[in-house]
Amino acid sequence: MYKYLKILISVILTVFSLNLSAHHVFKLSELNSKRFIGNYLGVFQDPNNTATVYTLLSNKQRFNYNWGDVPNLGVTENNNWLHLKFINDTPDERLLLYISNPTIDEVTFYRVFNDRIDSVKASLDDPLITRAIQHQFYAFNIAAGLNDTINCFVKIKSTKQLILPVSLS
């Protein structure tokens, strides 16, 4: 009897952990007409300002995924990290990630794909003409083929109230 109970508990825990990790990966078509995607973002507030994209790749359990449609992280001197992972199940190959808050001091966008990490950095002090996407908000290009799994991290530094209206289009 005890043996069967251990097996049952083991199976339940395995299924639960698979569902928990899968919860953070979504299909782009699930967004429908959702304007902001805060519910799909993982947030990590780095108290020591020492985390890198490499350390976060090896330990994604640091992220909290319950911030609502538009996360409000308050005022902090911590580096704030976002994690976003989705499957592009749409024919759109050029996607944009927008952070609709022009008062953020600095944003670095990281895209992880096939063991390669690309990054783009933008700051409040940058003239719009020097940004990869010339927009009043922070905007980042995500090239994604049909059924590609996209894994992104965003590092945010801000000395002001940090409200994160993040969207994909």
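These exercises walk through one predicted protein model.

**Ground rules.** Residues are numbered from 1 along each chain as its sequence is written. In this predicted model, local features need pLDDT of at least 70, side-chain atom pairs count only at pLDDT 80 or more, totals for chains, interfaces and linings use all residues, and side-chain values use heavy atoms, with hydrogens and water left out.

**Exercise 1. Judge the confidence of the model.**

Step 1. Start with pLDDT, the predictor's confidence in each residue, from 0 to 100. The protein averages 81, and 86% of the residues score at least 70.

Step 2. Over residues 4-23 the pLDDT is below 50. Beyond near neighbours in sequence, this stretch has 0 contacts in the model. A contact means heavy atoms within 4.5 Å.

Step 3. Draw the lesson. Where pLDDT is low, the predicted coordinates should not be read in detail.

**Exercise 2. Describe the overall fold.**

Step 1. Count the elements. There are 2 helices and 9 strands. Both are DSSP runs, numbered from the N terminus: helices are H or I with at least four residues, strands are E with at least two.

Step 2. Along the sequence the pattern is α-β-β-α-β-β-β-β-β-β-β.

Step 3. Residues 24 or more positions apart account for 77% of them.

Step 4. Check burial. Of the 169 residues, 40% are buried, meaning under 20% relative accessible area with a 1.4 Å probe, protein chains only; exposed is over 50%, and partly exposed lies in between.

**Exercise 3. Find the nonpolar cores.**

Step 1. A nonpolar core is a set of buried Ala, Val, Leu, Ile, Met, Phe, Trp, Tyr and Cys residues joined through side-chain atoms within 4.5 Å.

Step 2. Take the largest core. It has 30 residues, and Leu84 and Leu168 have the most contacts inside it. The elements giving two or more residues are β3, β4 (94-99), β5, β7, β8 and β9 (166-168). The largest share, 4 residues, comes from β8.

Step 3. Another core of 10 residues lies apart from the largest one; among its members are Phe44, Tyr65, Tyr110 and Val112.

Step 4. Zoom in on Leu84. Leaving aside neighbours within four places in sequence, its contacts include Phe26, Ile37, Tyr40, Leu97 and Leu168.

**Exercise 4. Sort the aromatic pairs.**

Step 1. Learn the rule. Rings of Phe, Tyr and Trp (its six-membered ring) pair if their centres lie within 6.5 Å; planes under 30 degrees apart are stacked, over 60 edge-to-face, the rest tilted. The structure holds 6 such pairs.

Step 2. Classify Phe63 and Phe153. Their centres are 6.0 Å apart, with 50 degrees between the planes, and the pair is tilted. Phe63 sits in the loop between α2 (53-58) and β3 (79-87), while Phe153 is in strand β8 (residues 149-157), 90 residues apart. Both are buried.

Step 3. Classify Phe109 and Phe140. The centres are 5.2 Å apart and the planes at 10 degrees, so this pair is stacked. Phe109 lies in β5 (residues 106-113) and Phe140 in β7 (residues 138-143), so the pair ties together parts 31 residues apart in sequence. Both are buried.

Step 4. Find the cluster. Ring pairs link Phe26, Tyr40 and Phe86.
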